[in-house]
Amino acid sequence: MKSMALSLGAAVLFFAVTCWGAGWNFIASGILSILLYGGLLLLTKPKRKIGGVDVELLSGGEELERKLYEAREDFESIGQSMGAIEDPELKRESAKLHETAGSMIHFLEKNPEKIMSARRFIDYYQDTASKLLKKYVELQNTGLGTEDVSRLKNQTKQALFILNRAFEGQFEKLMQNELMDMDADIRLLKQTMKMEGYEE
């Protein structure tokens, strides 16, 4: 919106200066002003990037950007719920979820080609965690202490333990290639050190 206003302002100024100030032909000034507007709009348009790469240059870039946006939204929602939770154990478990999700999103931002491999995490696990924590906070805020409410709070704790394992498992699956590369690098280093007499 800002780039559009700046481009339009520059085009109008150019038209005024050339047509009325310099006495150029009205049509010529108008055409050049339109071209100037279009050119400036292209130049000042903010670049949408994932991992330093323009979204337009990525295969399926629009979909990748949308998925990453969804992941960030759920991540923020988990963070908000975490801040409102009063139960210390549940707060700790939700903080673990939030930390793992943040690390995973950071990894996906640097490796956009892996975003579609993380769809199960984004669409199901993280989305479920976000909704569950939101509902828990709503339940907590009612102040009810009935048997059903206590049961649901305990079930939420159990669900968070399971979700934490799922989050870590999903992240490990996503990083499988990197883990294999590290393992290969360490094995090669050990072999090299052994050959050169640095290892007993």
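Keep in mind that the model is predicted. The chain has seven helices and two strands, and it holds nine salt bridges. Helices α5 and α6 run roughly antiparallel to each other.

**Overall layout**

- Going along the sequence, you'll read the elements off as α-α-β-β-α-α-α-α-α.
- The chain has 200 residues, and 31% of them count as buried.
- Take the contacts in the chain with a separation of 6 or more: 66% of them are between residues 24 or more positions apart.

**How α5 and α6 pack**

- A pair of packed helices is described by the angle between the axes and the distance between them.
- Here the pair is α5 (residues 119-142) and α6 (residues 147-174), with axes that come within 10 Å and cross at roughly 155 degrees.
- Angles over 145 degrees count as roughly antiparallel, and that's why α5 and α6 get the label.
- As for handedness, the crossing of α5 past α6 is left-handed.
- On the α5 side, the contact is made by Arg 120, Phe 121, Tyr 125, Gln 126, Ala 129, Leu 132, Leu 133, Tyr 136, Leu 139 and Gln 140.
- On the α6 side, you'll find Val 149, Leu 152, Lys 153, Thr 156, Ala 159, Leu 160, Leu 163, Ala 166, Phe 167 and Gln 170.
- Sorted by type, the residues of this contact come out as 14 nonpolar, four polar and two charged.

**Salt bridges within one helix**

- In α3 (residues 61-84), Lys 67 and Glu 70 are three residues apart, so about one helical turn separates them.
- Their side chains meet in a salt bridge, at 3.2 Å from N to O.
- The closest N and O atoms of the salt bridge between Asp 148 and Arg 151 are 3.5 Å apart.
- Both ends are partly exposed, with a relative accessible area of 47% for Asp 148 and 41% for Arg 151.
- There's a network too: salt bridges that share partners join Arg 66, Lys 67, Glu 70 and Asp 123.

- Arg 72 and Glu 109 pair up through their side chains, with N to O at 3.0 Å.

- Lys 157 is another residue to look at in α6.
- With 17% relative accessibility, Lys 157 counts as buried, because the cut-off for buried is under 20%.
- Once you set aside the neighbours within four places in sequence, the contacts of Lys 157 are Asp 87, Glu 89 and Leu 90.

Note on methods: Residues are numbered from 1 along each chain as its sequence is written. This is a predicted model: local features need pLDDT of at least 70, side-chain atom pairs count only at pLDDT 80 or more; totals for chains, interfaces and linings use all residues. Side-chain values use heavy atoms; hydrogens and water are left out. Axes are lines fitted to C-alpha atoms, for helices over the stretch in contact, and angles run from 0 to 180 degrees between N-to-C directions. Helices (H or I, at least four residues) and strands (E, at least two) are DSSP runs, numbered from the N terminus. Angles under 35 degrees count as roughly parallel, over 145 as roughly antiparallel, 65 to 115 as roughly perpendicular and the rest as oblique. A crossing is left-handed if the near helix is turned anticlockwise from the far one by less than a right angle, and right-handed if clockwise. Contact means heavy atoms within 4.5 Å. Ala, Val, Leu, Ile, Met, Phe, Trp, Tyr, Cys and Pro count as nonpolar, Asp, Glu, Lys and Arg as charged, and the others, Gly among them, as polar. A salt bridge is a side-chain nitrogen of Lys or Arg within 4 Å of a carboxyl oxygen of Asp or Glu. Buried means under 20% relative accessible area, exposed over 50%, partly exposed in between (1.4 Å probe, protein chains only).
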